[in-house]
Amino acid sequence: KELMKQVKKFGEDAKVAVRNIRRDENEDFKKQEKANEITEDELKSSLDSVQKKVDKAVKDIDAIIEEKNKEVMAV
């Protein structure tokens, strides 16, 4: 059970790291839009793209957590 808790904690830490990267990227895109380096449509497209990548990463992390929990329970 302790190992399962550690796996979940590592998974949550990974999700937080992914969300922090999303926040940083979104801020960069918004700064570019304010500086007129990209258009509003490009901003929206970029934000959507980042969100899709974050969703996929979180889904992958959840799958890994589930797989590791099964491995731990098998032992």
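User: What is the relative accessible area of Glu-12?
Analyst: Glu-12 has a relative accessible area of 39%, so Glu-12 is partly exposed. Buried means under 20% relative accessible area, exposed means over 50%, and partly exposed lies in between (1.4 Å probe, protein chains only).

User: What kind of model is this, and which cut-offs apply?
Analyst: This is a predicted model, in which local features need pLDDT of at least 70 and side-chain atom pairs count only at pLDDT 80 or more, while totals for chains, interfaces and linings use all residues. Residues are numbered from 1 along each chain as its sequence is written, and side-chain values use heavy atoms, with hydrogens and water left out.

User: Which residue forms a salt bridge with Glu-12?
Analyst: The partner is Lys-15, with the closest N and O atoms 3.3 Å apart. A salt bridge here is a side-chain nitrogen of Lys or Arg within 4 Å of a carboxyl oxygen of Asp or Glu. Asp-62 joins Glu-12 and Lys-15 in a network of salt bridges.

User: Is Lys-15 buried or exposed?
Analyst: Lys-15 counts as buried, at 10% relative accessibility.

User: Where do Glu-12 and Lys-15 lie?
Analyst: Both are in helix 1, three residues apart, about one turn of the helix. Helices are DSSP runs (H or I, at least four residues), numbered from the N terminus. An α-helix has 3.6 residues a turn, so residues three or four places apart point the same way.

User: How many salt bridges are there in total?
Analyst: The count is eight. One of them pairs Lys-5 with Glu-2 at 3.9 Å, N to O. These two also lie in helix 1 (residues 2-34), three residues apart. Lys-5 is exposed at 54% relative accessibility, and Glu-2 is exposed at 55%.

User: What is the span of helix 2?
Analyst: Its 35 residues reach 51 Å from the first C-alpha to the last, close to the 51 Å expected. The expected span is 1.5 Å times one less than the number of residues.

User: Which residues of helix 2 are buried?
Analyst: They are Leu-43, Ser-46, Val-50, Val-54, Val-58, Ile-61, Ile-65 and Asn-69.

User: What covers the buried residues of helix 2?
Analyst: The cover includes helix 1, where contact means heavy atoms within 4.5 Å.
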